[in-house]
Structure formats: structure tokens, C-alpha cells
Amino acid sequence: MKKNRIIIFDTTLRDGEQCPGASMTLREKLEVARQLARLKVDVIEGGFPVISEGDFTAVSTIAKEIKGPTIAGLARCVPRDIEAAGKAVAPAGKKGRIHVFLATSKLHREFKRGTAHSQILKLAVEGVKRARNLVADVEFSPEDGSRTEPDFLAEVCQAVVDAGATTVNIPDTVGWAVPGQFGELIGHLHDSVPEFRSGKAIISVHCHNDLGMAVANSLAAVENGARQIECTVNGIGERAGNAALEELVMALKTREDYYEGLKCGIKTGEIVKSSRLVSRMSSFVVQRNKAIVGENAFAHSSGIHQDGIIKKRETYEIMDPEDVGWGQTELPLTKHSGRAAMAMRLKHLGFKLTDDEITNVFSRFKEIGDKKKFVYDDDLGALVDGQMTKVPETWVMEYVNVTSGNQTVPTATVRLRKAATGRAKKDTVLEDAGVGDGPVDAALKAIDRLTETRGRLKDYALRGVSQGKDALGEVSLKVDFGDGELVTGKGASTDVIEASAKAYLNAVNRHLNSRSRKKPARKKAKGQP
Ligand code: KIV
Ligand code: ZN
């Protein structure tokens, strides 16, 4: 690996997915992982395998299916975690990495673990050695590294490198660092451990954004010898999030003059596509003024700026929007387009669907093709989303009718169908009406009654997917069903009330599905952690 090559370690599917309300299904994670591979990230951290059966399966499926990037699984410094991570990344062969972590700061040592310096060193070394018995590529993270005494941190780094760690990642776990000081800390580690200087081991950084400085801190670290950056698409992650991949990558590229030839392998033209996919899959809307990927990132409203740009783009634009994937021309499909044309477009957009799934998407495509003149790529994305977010549908919506206006009590009538299971020979079809503060509220109340659930809406976002008055409306919402988890739901339609009801029913089905999965299993599946 060249000394000036910056390794991009993407943790969208682990740290990003860990934040409340961003959880993704296996299908969604796999689709994101495919896009990350097209974006050409170097490492994909797929999850924390010991934590749940879902995380284990996600990491092992990604390790099996995704070619190109290294696939990492997270583990605490305990045998059970390390073994689960080793098993999960095994299908990636030489491209499997185990990422072990252990808190090292004084605060954590005293209040969390009650462990002395020597004990921390011992546990870290044991953890790394155990992981090295399973894979050749081992990363160690001293959690809360930025608040660990610099000399002790250097001692930990040397010990884990001697034990076989190939990457040592310094996390700013609570987003406390400031660029000058964090850069100095990385410089100190770089000078203290000969293997960092020789390139035998790599310093990585993992910065959280609590003070809005995750990207600045990561770049300061790079200036001082770090050669791997951990980040997430759209900066999603715990609390205020992680360093945003797109900002880091474009800072290095746009200010190549300053960063003196430091380069990463990211295919920048895939950035916007990745951002949109992650936003849809995680239900985290990207703020309009978000750097690089926000809708306003390249929108100039001032006449002076517009005039300048027409004369010479560089007067007011430091990046070419096309460089990050904005404005790639698309010829919209129409209701006359056939299944093959639609399937080809889906393939071009990078979706990998089975024949049955294409048939399902095609029937939805025909439905919306009847309602709107053009079907754009983003419309197709929303339809595929519906396919990915599909969970076993306990309840299927047959229809929703609403009466609403400014002089009537909003009322919604909803009819749902539940397929016959077990001894029941016939499907159950239920219909009920609800009244509410508005038509959406009325529809959701009717669904609550019919499905015997009681959800509290915690977040609701409506987005026009493509252009024009006939655009598809996509609703993403988060619901609290009272068991401490936020359940996401998504739905799209040219009718926003229908989209809302579909999204809510999607969340209800997810909730019912996970509740039935949580019932104690009679027998644990072999090989699962
Ligand atoms: O923020 C953090 O410290 C982490 C570690 C597990 C790397 O996410
Ligand atoms: Zn983190």
C-alpha cells in the first residue's frame, strides 16, 4: 500500500445503523453494501456479530456476497465476541477483518471497568492474539482513545501492534476532540511506534460529530500520519453521527494542493447515489444544505453567483457537481415501457433483484405509470425500496378512503386482509373507520384498531420523490410500539394519505414480525452466536 493512500473504512452499516431509528433489514444492508462496493470503499464494517442474530447474518452474508472491499466485524475483547466475529467474516477469506475494541481512558478504566493499566494492556493483547488466530487482518480500537493519556495510549498501540494488530484505530468516541490537539495526539502516536512510521501497521481514526468537528478532526489526523479514516455515508451514526464520508473524500480531492497528494480510491461519481440509497434505506433524511449531497449543495440562488458561474464555473463553485454524481442524465420511463426496459434500468441503477421481485416492482411500476406521465430513476428507487422493506406481511392494505376538508371531521375507512394461517381456512378481512385531527391521523388510528396495536408516531417525513405535481410521495416514519425500540416504516404513492397509511402498516408488520421472532425459540440455530 502506498504511503499516501488513505484507506476509507465505512461503518454506515455498524456505527451508522446503531443510531436509534436507522435500523435496516438484511436486504437493505446488502443493497447498501453493494453500493459501497461500487463506491469503492476499502473496508465495510458490516455489524457487531455477537450482538444479535440479525447482525451476525448481515456480516456473514455481506462477507459471502460482496467482492472487493475488506469486510469487518466488530467485537469486544472477549472470546465469545471474537469468535462470533471470526465466524461471520470467514466467508470473505483473506478479506475478512476482526475489529476488537476495549476502553482505555481514565474515566472508563475507573468508572466502567475498574481496571488498572496493566490489566487493560493484558486484555487488549489477549484479544488481538485471539483474533489473529482466526484472521490475518486485525484492527484494535482503544475506545475513548482521544481522552486517554497520550503516553499510555502509545503504550497500548505498541502492545497491540506487537501482538499482531495491523491497524490501530483511535476513536474520538464522544466527539470531544478539537483538530489541533487531536492532530498532535496522532503525531505523538506516529512518532512513538516504529511500525506506524514504517507502514507495517496503520493508524486509523474514528471521529464522532458531537461538536461538529468529526471531519476536521479526521483531516487533522491524516495530516499527522493517520492513513485510515472511519466514516459513514451522510455522516449518520450514534448521537450527532460520525465523520461524513462524502465530505472527507471531497475535501481530500478538492484541496489536493493542501493535502499534498494524499489520495483515496473512492469513485466520487457514485457519491450522490450512495447518499440517496443510504437515506432511503436508513430513513434518515439528508438536510437540504448538507455539504456535497444536500439538495442545495450546488444550487446558486444569487444572481451575481449565477452570472459568475455561467461565465466561469470556478468563480463560485469549488467542485464540479457532476464529479460527485449530480445531474447524471436520465431518460424517464413511461407506462408504455416494458418489463425488459424497466429491468435494464434497474440493473443500470445497481439494483440486484430476483425475477419475482422484478415482476412485483413491474406491477407497481404499471400502477404508477397509469397515474403519472414519467417514471424517473428516483421513482424506481422508491418502488424497489418497497420491495426491500417488505417484511412478512401479516396485514395487507386493500384500500384506504378518506373524507377530509376544512369544514368536516377527517375520517378514514381502511380495509385490511390477513392471510389464512394454521387451521384457519379463510383469510381474515377487516374494515373499520377512524376519525382524527387530519386524514393521516384518522387512517393511522383505524389501522391501530384493526391490527390491535397502539403505535406512537415519533417521526414523520414526506418527500416528493421526483419532479412535477404528479410526483410520487414517499413517507418514512418511526413508530414507538412501547417496547423501547423505534420501528421504521416506508410507503410510496402518488396519494400522500395512501403513502402514509402504507408506511404505517409497514411499521406495524415489522413490529408484529419482530415480536413473533422474539418469542423464545425452542432450539437455537447451529453456529449462531
Ligand atoms: O465510537 C467508538 O468508540 C466506536 C468504537 C467501537 C470504534 O465506535
Ligand atoms: Zn463510534
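These notes go through a predicted model, point by point.

1. Conventions. Residue numbers start from 1 along each chain as its sequence is written, while chains are lettered from A and ligands numbered from 1 in the order in which they are written. In this predicted model, local features need pLDDT of at least 70, side-chain atom pairs count only at pLDDT 80 or more, and totals for chains, interfaces and linings use all residues; side-chain values use heavy atoms, with hydrogens and water left out.

2. Zinc site. Asp15 (OD), His206 (NE2) and His208 (NE2) coordinate the zinc ion (ligand 2) at 2.0 to 2.1 Å. Donors here are N, O and S atoms within 2.8 Å of the metal (3.2 Å for Na, K and Ca); water is not among the atoms, so sites may look incomplete. Along the chain the donors have the spacing D-x190-H-x1-H. Histidine 206 and histidine 208 are both buried (under 20% relative accessible area; exposed is over 50%, partly exposed in between, with a 1.4 Å probe and protein chains only).

3. Strand E5. Helices (H or I, at least four residues) and strands (E, at least two) are DSSP runs, numbered from the N terminus. Strand E5 covers residues 137-143, and seven of its seven residues are buried. Asp137, Glu139, Ser141 and Glu143 point one way, Val138, Phe140 and Pro142 the other. The buried set thus holds for both directions, because buried is set by relative accessible area under 20%.

4. Neighbours of E5. Strands count as paired if DSSP finds at least two bridges between them. Strand E4 (residues 96-103) runs parallel to E5 and is joined to it by seven bridges, with alanine 103 opposite glutamate 143. Strand E6 (residues 167-172) is also parallel to E5, through two bridges; glutamate 139 stands opposite threonine 167 there. From E5 the chain passes through helix H7 (residues 150-162) to E6 in a right-handed β-α-β crossover (with the strands pointing away from the viewer, the path from the first strand over the helix to the second runs clockwise).

5. Nonpolar cores. A nonpolar core is a set of buried Ala, Val, Leu, Ile, Met, Phe, Trp, Tyr and Cys residues joined through side-chain atoms within 4.5 Å. The largest has 112 residues, and Phe140 and Ile170 have the most contacts inside it. H7 gives the most to this core, with eight residues. Another core lies apart from it and has 25 residues, including Ala412, Val487, Leu505 and Ala507.

6. Three-stranded sheet. An open sheet has the strand order E12-E13-E14 with antiparallel pairing. Its edge strands, E12 (456-464) and E14 (486-493), each pair on one side only. Strand E13 (residues 473-480) pairs with E14 over eight bridges, one partner pair being valine 479 and valine 487.

7. Helix H2. This helix (residues 26-39) has 14 residues and spans 20 Å from first C-alpha to last, close to the 20 Å expected at 1.5 Å a residue (the expected span is 1.5 Å times one less than the number of residues). Eleven of the 14 residues are buried, so H2 is largely enclosed by the rest of the structure. Among the buried residues are Glu28, Lys29, Glu31 and Arg34. Lysine 40 follows H2 and has a positive phi, near 70 degrees.

8. Glycine 68. This residue is in the loop between helix H3 (53-65) and strand E3 (70-76). Glycine 68 counts as partly exposed because its relative accessibility is 48%. Its C-alpha atom is separated by 22 Å from that of aspartate 323, 255 residues apart along the chain.
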